[in-house]
Structures are given as structure tokens and as C-alpha cells.
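Hi,

Here's the structure I said I'd pass on.

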Amino acid sequence: MFIDFEGIDGSGKTTLSNLLASRLKKLGYKVAHAREGGELQSPTARRIRELTRDAKLLEMCPRAEFFLNLARDAQQLDEVIAPALKRGEVCITDRYLYSQLALTGGGRGLKEEQLLPSCELASQGLWPDLVILVDVDPDLARLRKRLGKVQSGKVNDADSRKGLVGAGLAVRVREAFLAQARKDPSRWIILENNDQPLRVLEQRLVEAVVARLEGREQPVQRLVPAPALPSGVASVDDVEERFFQAVDALEAREPQLAAWLLNGIPGLPAHQRRLAYAERLPGLVARSLNGLEDDTAWTLRDVLSASVPADVAEGIGFVTSPRSHALRQRLYAQAPAAVLEGLKRQDSPEAWALRERGVKDGHLAAVLLGLAGVDGDESWVIREAGMQRKLYPEVARSLGGLTTERAEALREALIPHDRLAVLKSTTGLETPVAVGLREQLEKGALKLVLRSLTGVDTPRAWAMRERGAALTKEALDSVDGMDSPAAWKLRASAARRWPATVVSSMKGLPLVAETRALLDRILEEQSGKLPVLRNAYAVVAQARALEQAQRPARTLAETLSVDAGRQEA
């Protein structure tokens, strides 16, 4: 039997396909996995895949990408799949030609009927007997994927060509997969991977596949586990309770994701859970303190600094208090790169002392990455050293936030070496280089183009956001914290298509009537989606924390008066 697993990136198909292979082997079946452990078994196919992922090849057109992906699958078929089936084994693949139809047709916009003849040629008439579509909410898949990068130390890895298009690609690909499944229900099984423990999904999957292997057809196409999120309609008033109910339910089946969802969220309920997770998941807890400055956050950092110094350094964020300077000094010996990269926009004597130490210790690349937003003679000496050593991406990133003629001239010089890094350095700017790169890269790197517009309030920027919002959620990322009529108009129009991102774009805004109304609307429509719930609570928690911080402290007389009133009551 030939079994194919399909799904968007981050759906869990690789994990589940390998679990199925292992279980079938234990049940006595001879099994070959064409992508065992997540790696294509054909060396030639691996080489082809590198081409399709290479972010430097932004001009590769959808047709060229399609034919390269077909070549990869054809090679896997000839070298791995067909021989395994000839030996009488169960052969499992993680992606096959259906992926190319979904990506190029649904994702890139070519017509499926034009693609099918080429797929038939690549398949030589050999199509899977069973297709398992691992279906997942794209926002949740993206969270899991980001978490996986953090845990594997690949958080700073460059995006692939596919990733640079933006998160909307995954939404369109998912819709294309579901359309394929509806057309051929006898061949496809849809397994939802949103809110159930992996062991439950694995067992349901094994039962369904074994039934097929034994010739027992199952009448139900979709395997739908019961939802685990709280039922009912959420609102701003009960979002805290609903969010932490969801986190506590999630902790039992995906504790790492539960800890990751607390990232940057202030307040006692979040800290209580961090304390509960700290021993098991110290690195994720340390990172979840990103930007927090309360006493509990600093105590947790102090406790965790000995065991996970790099994560603690990452979790300081852009905090520039005396406590942050002292902690960075202590962490430097164990995690110099993370400390140095965290000095962005800091021009203090303490920051420069660390940079000088970093340069002497041979950490020039990390010093450059932490130089963004910093001008002055010393910073340019370091950039010149970076150019001499051909650290082009790092030098480009060091220019973030700078609008001087000197910065623009260096960006121009760096474009031939790494235009994507240069584009990232223009975030929030409307310089000639920024405008030119955005126009040049809008098609191939829409995600980075839109994110570079963060905070930019010009007619050109709004026109680009409006075009981008039809395709991907990053158009909404670029209005984070903006309170203009144009920002609210974009949020309202995109709320159904990109609800989680629309919500997160309100972070930093006060809980005025307009904010509450849009939050309530989205929570009512999307209350079952964990990413929406998480982002909504982050908005509410940060607004409340800001209100509390801005509230004037009571005088001693006021405190005594309040206490006396309580005693009389």
C-alpha cells in the first residue's frame, strides 16, 4: 500500500507519518518511509529541494518552482517509492504530487487543470492508495513551527522562498488541500491536529490505516476529535479566564506550547504558571519574560540565569534599566552572542563596554547584530570592520532604524550582497532605498516588505498594505500599535480573514471603546481559536499593565484614609 501524508508546514504530518511507520512495523508490517526522520531518502531529491528553498532565488517563477518540485517527487518515486512497493512493503511519503498541485495551484495561483498533465507524467500513473491530510489552523501551525525553531536553536535561520511570501500562502494551500480531499473522499482521510494529545491522534490514525490494510473500509472521511477548548462566546470581560483555562488544558498535552503562549504577557496569573513550568521548561520560561520589568520577572531571570543563560539574555528584550545592564554583564561569560545581539538601540556606556569586550573576544558578528539603531563614530568603525570581513548580512542589520546619508550609502553598497537583510534594516523607514527595495521585492518577499512598513504612515505604505492584506496577514503586522483611522479601517476589513493578527496589532493601545468593540467582535466570531484567544488576552493584559503603571502612586495620607475606611466598613 502507498500512503501519502499531506498538510501545511507545521501541521505535524512529519511527526505523525513517522509515528505511523513505527507502529505499523511493531504490528508486523514491512514499512518503508520515503522521508524517514523528516529527510528525503533520495540524495538527488535533497539537492533539488535546496534549490526550491533558497531565499536568494526570489526571481524563480511559479512554473519553474513547480517543475523542480515535480523533479524531486519523480526522483523519490523512482529511487525510493516504486522499489519499496515492488518489494511488497507499505510505503509512506511525507508530501507527494498533491503538494505541488496545492502549492502551485492554490498557493501561487496557477490553474490546476494546466498542472495535472505534468503531474501525471511525473507519477507514471502511480498515485497513493490513501492520503492522510493532517489539517490544522494555520495560526496554530505557525506557533508550533516557531516554537520548534526556538527549541532546535534555529530561530535565527533565514526564511525559505516559500516563507518569504507570507503566512497567507499556508492559508491558500490548506484550502487547496481541503478542496482536493472533497473531490476524492474515498482516497483521503482528514485528521485534525488542533487540540488533541498526540497519542490520541496516533491511535485514531493507526486504527484507520490498519482498517484499510485489512480491507475494512471506513465510511467517515474526517477523523474529528472532540474539541478541548472551553465552549461558549468569549469577550474582553472574560478573556483572562478563558485564556488561562485554555492554557491549563493545553499544558497537559503540549506543555512547551503552553509555556510559549505566555511570551511577553504580564501579570500574576501568567507568572504563577511560569513558576509552575520553570523546573521542566526553564528555557521557554526565560524567553517568555520578554520585555517584562516587574520584580517577579527579574527574580525568575536571576533564578534561571545559571541553567539557561542564553534564553535569559534573549528574554530581556529591549529593556534598558540598570537591572538589565547588571544582568547582561553577568550573563556575558556564558552567552556572549545573545547578550551582544540584545543591545539594539542602546548607546549607553554600559552597552559600549560590552561591545568593546565582544569585539576583543572575536564576536564581531553578534556585536553588529546588536548595533541596530546606534549611530556615532564608534559604531561606524565596527561596521567598517564588518565590511572588511564580508559580514554583509550582519552589517546590513546593524543599520536598522538609521536614516542618515551615510547609512543609505552603505545600504546601497550592500544590496548586491544581501538585499533581504538590507530590506529588514529599513523597517519603519521611508527612505529611497526602502521604497526601491519594497517595489522590487513585493512579489517575491511580500512578508518582509510588509513588515518593513511597521509604523510607516504614508499613502504609498497604505496602498501597499491594502494590496497585501488580500494575500497575507503581514499587512496587519505592519500596523502594530497604530491608532490612525487608516489602521482601524484596515483592521475592520481584515478581521475575518486574519483575526489573530488583527487582534495582535492592537497591542499597546488603550482599552477604549473602539479597541473593545473590535476585540469583542472577533472573540465572538473566533472564540474557539487558541491563537485569537491568546492575542486578545495579551492586548488586554498589556493595556491593564500600562494603565496601572500610569496611575499615580497614592500618598501615605491617602493610603491611611483608604485603610481607615475599610476598617469602618
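A quick definition before the sheet: two strands count as paired if DSSP finds at least two bridges between them. Helices (H or I, at least four residues) and strands (E, at least two) are DSSP runs, numbered from the N terminus. With that in hand, I190 stands opposite R222 in β6. The strand pair there is β5 (residues 188-192) and β6, joined in the parallel sense over two bridges.

Some housekeeping: this is a predicted model, where local features need pLDDT of at least 70 and side-chain atom pairs count only at pLDDT 80 or more, while totals for chains, interfaces and linings use all residues. Residues are numbered from 1 along each chain as its sequence is written, and side-chain values use heavy atoms, with hydrogens and water left out.

Now the overall picture. The protein has 32 helices and six strands. Its radius of gyration (taken over C-alpha atoms) is 26 Å, close to the 25 Å from the globule rule (2.2 Å times the number of residues to the power 0.38) for 569 residues, so the protein is as compact as a globular protein of that length. The C-alpha trace spans about 85 × 70 × 50 Å along its principal axes.

Back to the sheet. The six strands make an open sheet with parallel pairing, in the order β2-β3-β1-β4-β5-β6. At the edges are β2 (31-33) and β6 (222-223); each has a single partner strand, so one side of each is left without a neighbour in the sheet. Helix α1 (residues 13-26) lies across β1 (2-6), β2, β3 (90-94), β4 (130-135) and β5, and runs at about 165° to β3. For that angle, axes are lines fitted to C-alpha atoms, for helices over the stretch in contact (heavy atoms within 4.5 Å), and angles run from 0 to 180 degrees between N-to-C directions.

On a 1 Å grid over the protein atoms alone, a cavity is a set of points where a 1.4 Å probe fits but cannot get out; a pocket is an open set with protein on both sides within 12 Å along at least five of seven lines; lining residues have an atom within 4 Å of a point. Points are joined across faces, edges and corners, and a volume is the space filled by probe spheres set on them.

The second largest pocket holds about 460 Å³ of space. It has 21 lining residues, and P62, R108, V165, K443 and G444 are the closest to its centre. Two or more lining residues come from each of α3 (62-86), α4 (97-107), α8 (168-183) and α24 (432-441).

How many cavities of 30 Å³ or more does the structure hold? There are two. The largest cavity has about 60 Å³ of space, and its lining includes A34, R35, D73 and Y96. Helix α3 gives the most to that lining, with three residues.

The second largest cavity has a volume of about 40 Å³. Its lining is E430, V435, R438, L453, R460, A461 and M464, with the largest share, three residues, coming from α26. Both α24 and α26 (459-469) supply at least two residues of this lining.

Cheers
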